[in-house]
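Notebook open, structure on screen.

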Amino acid sequence: MEPQTNHEWLKDHIRDIPDFPKQGVVFKDITPLLADKKAFTYTIDAIAHHYDRDEIDKVLGIEARGFIVAAPLAYRFTAGLIPVRKKGKLPWKVETEKYELEYGFDHLEIHKDAIEPGERILIVDDVLATGGTAQATAGLTERCGGKVAGIATIMELSFLHGRDKLGAYEYFSLLRY
Ligand code: AMP
């Protein structure tokens, strides 16, 4: 299906879960979108459509829901796939970055050899909230010698102003809340 400019219909496939994982947070549950063949295919196609596949060497997915979006994009671009994971999950030598979440602090890790010098990396996740996760991941990418080709999420929570943290990086999302 050819992506449209108005992706709003996808919102019908995103479920709001109030007070999860803690009081005051409205969790954006993408499992209904993933379970719907039209919505999931469209989501991947619409993000892919925004980029030139020849300008992306690897797609980086942020644990855990970022993996679900990153893997089909990497396959579509015939690009490599890099997992960025929470502390202690990756088995080899890592670079680590502390970051702030909408709900707490955590650490993200990448394998030191995940990126070749100068490779163009598309960073992918499901939700941009405060932007801390994406910002930390962009930092990890650059520390490993990569160039951030873009940052893409299915949706952004614009009231949290995550974009402001991303500075000059190219950022793309299908949906805004
Ligand atoms: P942030 O670093 O604040 O931009 O948070 C983004 C990360 O936390 C992403 O990996 C999201 O999956 C997750 N996240 C943050 N807020 C939400 C939310 N309201 N609903 C679903 N996921 C969220």
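In which sense do S7 and strand S8 (residues 147-156) pair, and over how many bridges? I looked it up, bearing in mind that this is a predicted model. S7 and S8 pair in the parallel sense, over 8 bridges. At the residue level, I found Leu128 opposite Glu156 in S8.

Next I checked how the chain gets from S7 to S8. Helix H4 (residues 132-143) makes a right-handed β-α-β unit with S7 and S8.

Then I looked at another partner of S7. Strand S3 (residues 58-62) runs parallel to S7, and 4 bridges join them. I picked out Lys58, whose bridge partner in S7 is Ile121.

Is S7 enclosed or open? I counted 8 buried residues among the 9 of S7 (residues 120-128), so the strand is largely enclosed by the rest of the structure.

On to helix H3 (residues 65-77). I get 19 Å from the first C-alpha to the last for its 13 residues, close to the 18 Å expected at 1.5 Å a residue.

Which residues of H3 are buried? My list reads Gly66, Val69, Ala70, Leu73, Ala74 and Phe77. They sit on the same side of H3, because they cover an arc of only 130° around the axis.

Last entry: Thr78 follows H3, and its phi is positive, near 50°.

Definitions and conventions:
Residues are numbered from 1 along each chain as its sequence is written. This is a predicted model: local features need pLDDT of at least 70, side-chain atom pairs count only at pLDDT 80 or more; totals for chains, interfaces and linings use all residues. Side-chain values use heavy atoms; hydrogens and water are left out. Buried means under 20% relative accessible area, exposed over 50%, partly exposed in between (1.4 Å probe, protein chains only). Helices (H or I, at least four residues) and strands (E, at least two) are DSSP runs, numbered from the N terminus. Two strands pair if DSSP finds at least two bridges between them. A crossover is right-handed if, with the strands pointing away from the viewer, the path from the first strand over the helix to the second runs clockwise. The expected span of a helix is 1.5 Å times one less than its number of residues. The arc is that of the directions from the helix axis to the C-beta atoms.
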